[in-house]
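User: I would like to learn how to read a protein model feature by feature. Please take the general idea first and then the case at hand.

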Amino acid sequence: MSGGSLSGLVEALRVLPGIGPKTAQRLAYHLLQHDRVGADRLSRAIADALAMMRHCARCNTLTELDVCERCSAPGRDASILCVVETPVDMNMMEQTLAYQGLYYVLMGRISPLDGVGSRHLGLDQLLARATDGVVKEVVLATNYTNEGEATAHYLGAVLRSKGLCVSRIARGVPVGGELEYVDSGTLAQAFRERKTIEP
Ligand code: ZN
């Protein structure tokens with residue numbers, strides 16, 4: 001391979017999860033040879049999103065606003081805060097129509113194998129959000145994977161120590177299950193049957 005810009009593109013594509021050197025090369029050649037219009041659209045879309053998207057000051061999801069539409073929507077129950085791993089999980093909870101409270105999006109999970117510990121989770125922001133004096137119950141809706149369970153366990157202990165009622169969505173979600181792939185009926189049931197975490 002020759003050309004600094006080509007190798008630069010291949011290297012840049014490797015920031016995507018699951019993209020190794022061979023796939024990155026294939027994608028780079030595809031964009032340059034078969035879809036230059038698409039490549040231009042992709043580069044503009046990335047630049048636009050980078051310039052426009054930020055984290056919601058309340059729930060931490062990605063939004064173009066300082067406070068996202070969901071957090072500023074009237075009529076939601078501010079006394080209950082649902083903690084999820086990703087914005088996709090938040091959308092899944094919304095689709096159940098079983099939940100009318102507010103959210104906090106971790107944008108990750110505790111994953112020791114990937115070197116992600118509790119320090120990386122923005123815990124201070126979650127604690128500030130959960131102890132605003134309005135929130136009474138925190139529902140932990142992290143995935144039923146090892147990492148999601150470890151995250152729920154850790155957050156449960158910290159939040160309980162602040163005097164909050166903490167619950168965990170029920171095991172209607174299968175072991176090893178990621179919320180993203182659970183049908184909304186199952187997720188709604190898991191929410192309704194959530195269990196308070198006892199000390
Ligand atoms: Zn928000």
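Predicted model: local features only at pLDDT ≥ 70, side-chain atom pairs only at ≥ 80, totals over all residues.

User: What is the overall make-up of the protein chain, in helices, strands and buried residues?

Analyst: The protein chain has 8 helices and 7 strands. Of its 199 residues, 38% count as buried. Along the principal axes, the C-alpha atoms fill a box of roughly 60 × 35 × 35 Å. For contacts between residues at least 6 apart in sequence, 56% join residues at least 24 apart.

User: In which sense do β3 and β4 pair, and in which sense do β5 and β6?

Analyst: β3 and β4 pair in the parallel sense over 5 bridges, with D77 opposite G101 in β4. Strand β5 (residues 137-140) and strand β6 (residues 165-168) are also parallel, over 4 bridges. There V138 stands opposite V166 in β6.

User: How many residues of β4 are buried?

Analyst: In a regular strand the side chains alternate between the two faces of the sheet. In β4, 5 of its 5 residues are buried, and the strand is mostly covered.

User: Which residues of helix α6 are buried, and where do they fall around the axis?

Analyst: An α-helix has 3.6 residues a turn, so residues three or four places apart point the same way. In helix α6 (residues 123-130) the buried residues are L123, L126, L127, R129 and A130. Viewed down the axis of α6, they fall within an arc of 160°, so they line one face of the helix. The elements they pack against are β3, β4, β5 and α7 (146-160).

User: Which residues are buried in helix α8, and what covers them?

Analyst: In helix α8 (residues 184-192), L187, A188, A190 and F191 are buried. Their arc around the axis is only 160°, which puts them on the same side of α8. Their cover includes β3, α5 and β5.

User: Which atoms coordinate the zinc ion, and why is the arrangement called tetrahedral?

Analyst: The zinc ion is coordinated by the SG atoms of C56, C59, C68 and C71, at 2.3 Å. The 4 donor atoms subtend angles of 105 to 117° around the ion, so the arrangement is tetrahedral. The sequence spacing of the donor residues is C-x2-C-x8-C-x2-C. C59, in the loop between β1 (54-55) and β2 (62-63), and C71, in helix α4 (residues 69-72), are 12 residues apart and link distant parts of the chain. C59 counts as buried at 1% relative accessibility, and C71 is buried at 12%.

User: Where are N60 and L97, and is each buried or exposed?

Analyst: N60 is not a glycine but has a positive phi of about 75°. N60 sits in the loop between β1 and β2, and counts as buried at 9% relative accessibility. L97, also not a glycine, has a positive phi of about 60°. L97 sits in the loop between α5 and β4, and is exposed, with a relative accessible area of 70%.

User: Where is T142, and which residues does T142 touch?

Analyst: T142 lies in the loop between β5 and α7, and counts as buried at 0% relative accessibility. Leaving out residues up to four places away in sequence, T142 touches V83, E85, L106, G148, T151, A152, R168, I169 and L179. A C-alpha separation is a separate reading: T142 and V182, 40 residues apart along the chain, have C-alpha atoms separated by 13 Å.

Technical notes:
Residues numbered from 1 in each chain as written. Heavy atoms only, no water. Pairing = 2+ DSSP bridges. Helix = DSSP H or I, 4+ residues; strand = E, 2+ residues; numbered from the N terminus. Donors = N, O, S within 2.8 Å, 3.2 Å for Na, K, Ca; no water. Tetrahedral: all angles 85-135°; square planar, octahedral: opposite > 155°, others 65-115°. Buried < 20%, exposed > 50% of the residue type's maximum accessible area, 1.4 Å probe, protein only. Arc of directions from axis to C-beta. Contact = heavy atoms within 4.5 Å.
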